[in-house]
Amino acid sequence: MHRFEGYTLDEWMAIVTIISVAGSFLIWLLNFAIKNGTEKLSEQVKELLNQFQILNDSISTIRGLAKQTDERVDQLESRFEEHIGESKVRNQKIKSLEHEVFDDKRRNEDE
C-alpha cells in the first residue's frame with residue numbers, strides 16, 4: 001500500500017474530506033452572518049440614498065424657483081425704475097404748470 005508522510009491514501013482522502021466539509025461549513029456560516037448582518041445595513045443605505053435623491057430633487061426645485069424669483073425681481077426693478085422716471089417727468093410737468101399758473105396769477109395781480 002502507498003504511504004505519504006506516514007498516512008495511507010485512504011487516510012489522506014479522509015483528511016481532505018474533513019477539511020473540505022469544515023471549510024465549506026465555515027464559508028457558509030460566514031456568508032450567512034454577512035448576509036443577515038448587512039441586510040439591515042443595506043436597507044438603511046438604500047433608504048439613505050433615497051433620501052439623498054429626494055434632497056437633490058428638492059434642491060433642484062428650490063434652485064429653479066430662486067432663478068424664477070430672481071428674474072421676476074429684475075423685471076420688477078426695471079418696471080419700478082421706469083415708474084420712477086415717469087413720476088419725475090410728471091413732477092417736472094406739474095412744477096412747470098404750477099409756475100405758469102402762479103406766475104400768471106402774480107402777473108394778473110400786479111396789473
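1. Threonine 8 sits in strand β2, which covers residues 7-8. Strands here are DSSP runs of E with at least two residues, helices are runs of H or I with at least four residues, and both are numbered from the N terminus. Threonine 8 is buried because its relative accessible area is 13%; buried means under 20%, exposed over 50%, and partly exposed in between, with a 1.4 Å probe and protein chains only. Between the C-alpha atoms of threonine 8 and glycine 37 there are 43 Å in space and 29 residues in sequence.

2. The model is predicted, so local features need pLDDT of at least 70 and side-chain atom pairs count only at pLDDT 80 or more, while totals for chains, interfaces and linings use all residues. Residues are numbered from 1 along each chain as its sequence is written, and side-chain values use heavy atoms, with hydrogens and water left out.

3. Read from the N terminus, the order is β-β-α. Helix α1 takes in residues 9-110.

4. What radius of gyration does the protein chain have? The value is 46 Å, whereas a compact globule of 111 residues would have one near 13 Å. The radius is taken over C-alpha atoms, and the globule rule is 2.2 Å times the number of residues to the power 0.38. Along the principal axes, the C-alpha atoms fill a box of roughly 155 × 25 × 15 Å.

5. Of the 111 residues in the protein chain, 1% are buried. The accessible surface of the chain is about 10800 Å², and carbon and sulfur atoms hold 60% of that surface. Accessible areas come from the Shrake-Rupley method with a 1.4 Å probe; for residues, only the protein chains shown count as cover.

6. Several residues of helix α1 can be taken in turn. Alanine 14 lies in this helix and is partly exposed because its relative accessibility is 37%. From isoleucine 54 to arginine 79, 25 residues along the chain, the C-alpha separation is 37 Å.

7. A nonpolar surface patch consists of Leu41, Val45, Leu48, Leu49, Phe52, Leu55 and Ile59, with about 640 Å² of accessible area together. Patch residues have over 30% relative accessible area and no salt bridge; nonpolar side chains (Val, Leu, Ile, Met, Phe, Trp, Tyr) are joined within 5 Å and like charges within 9 Å. A salt bridge is a side-chain nitrogen of Lys or Arg within 4 Å of a carboxyl oxygen of Asp or Glu. Leucine 41 belongs to helix α1 and is partly exposed because its relative accessible area is 47%.

8. Asp70, Glu71, Asp74, Glu77, Glu81, Glu82 and Glu86 form a surface patch of negative charge. Aspartate 74 is in helix α1; at 42% relative accessibility, aspartate 74 is partly exposed. Threonine 69 is in helix α1 and is partly exposed, with a relative accessible area of 47%. Threonine 69 and leucine 29 are 40 residues apart in sequence, and their C-alpha atoms are 59 Å apart.

9. The protein chain carries 15 positive and 21 negative charges, and the mean positions of the two sets are 2 Å apart. Lys and Arg count as positive and Asp and Glu as negative, with His and the chain ends not counted. Each charge is placed at NZ of Lys, CZ of Arg, CG of Asp or CD of Glu.
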